[in-house]
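This briefing is for a reader who is meeting the structure for the first time. Please keep the sequence and the 3D view at hand while reading.

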Amino acid sequence: GESGRLLESLSGTSGVNEVFGSEDLGGTWRSLGTVPGKRLGEAALAHVGGGRLIFLSRHEWPFYRLSFSADNGGTWEKSESLLYLGGGDNPPKLTLLPDGKTLAAIVHSWYPGRKAKDRRQLASVISRDGGRTWDNFRLIGFAPDGEDGFLQHSITFVGDTGYLFYGGGSRLDTNDGKDLRMLRLHQDF
């Protein structure tokens, strides 16, 4: 967040996410505010400048839930904003591209196949206006034969290259690290 504030969103059983902040690099944490919504889950946060934050949450329906804060996480908009991608059952990731202006979301787009919850497609979508509108949908990967081809992904940029890590979703998918995959993506993906 602004001024180096660390932020974390935690989901509870009430369907409302609570945002916590730390001003001392994680030494202490305090509740900043709640993000209203129904059946919210794991979420991603991104700071887009001027104390403006974007919240993108997993949902158990074919969309992701968006919310916005203009005061560094203290209050969140009450109106519901939804990002329809035909998916939403796995935690999203948000990152600001190296240009410092473009926001990218790494999300699951459901494969129209055999299961209601299907993580065989991983995609990106970008926003150039602080998360209000999204476009440039790109399919990053498709695992037609996998049980769940892209699990628990994360992304970080070094220079203009994004490193996307994910679990491969095979029957070997355990916590032993043997099923970890990595893709390198240029910021123009």
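Phe 55 is buried, with a relative accessible area of 0%. This value, like the others here, comes from a predicted model. Phe 55 is part of strand β5, which covers residues 53-57, and its ring pairs with the ring of Trp 76.

**The aromatic pair**

- One aromatic pair turns up in a search of the whole structure.
- The ring centres of Phe 55 and Trp 76 are 6.0 Å apart and the ring planes meet at 65°, so the pair counts as edge-to-face; the cut-off for that class is over 60 degrees.
- Trp 76 lies in the loop between β6 and β7 (81-84), while Phe 55 is in a strand, so the pair ties together parts that are 21 residues apart in sequence.
- Trp 76 is buried as well, because its relative accessible area is 5% and the limit for buried is under 20%.

**Around Ser 67**

- Ser 67 belongs to strand β6, residues 63-69.
- With a relative accessible area of 0%, Ser 67 is buried.

**A charge over a ring**

- Arg 132 places its charged end over the ring of Phe 68, 3.7 Å from the ring centre.

**The four-stranded sheet**

- Four strands form an open sheet in the order β8-β9-β10-β11, and their pairing is antiparallel.
- At the edges of this sheet are β8 (93-96) and β11 (135-142), each of which pairs on one side only.
- On average, neighbouring strands of this sheet are turned by 20° against each other, direction ignored.
- Within the sheet, strand β9 (residues 103-108) runs antiparallel to strand β10 (residues 121-127), and six bridges join them.
- Ala 104 has Ile 126 in β10 as its bridge partner.

- Strand β12 (residues 151-158) pairs with strand β13 (residues 161-167) in the antiparallel sense, over six bridges.
- Opposite Leu 151 stands Gly 167 in β13.
- Two residues lie between the strands of this hairpin, and Gly 159 takes a positive phi near 65°.

How values were computed. Residues numbered from 1 in each chain as written. Predicted model: local features only at pLDDT ≥ 70, side-chain atom pairs only at ≥ 80, totals over all residues. Heavy atoms only, no water. Buried < 20%, exposed > 50% of the residue type's maximum accessible area, 1.4 Å probe, protein only. Pairing = 2+ DSSP bridges. Axes fitted to C-alpha atoms, helices over the stretch in contact; angles between N-to-C directions. Phe/Tyr/Trp six-rings, centres within 6.5 Å; stacked < 30°, edge-to-face > 60°. Lys NZ or Arg CZ within 6 Å of the ring centre and 35° of its normal.
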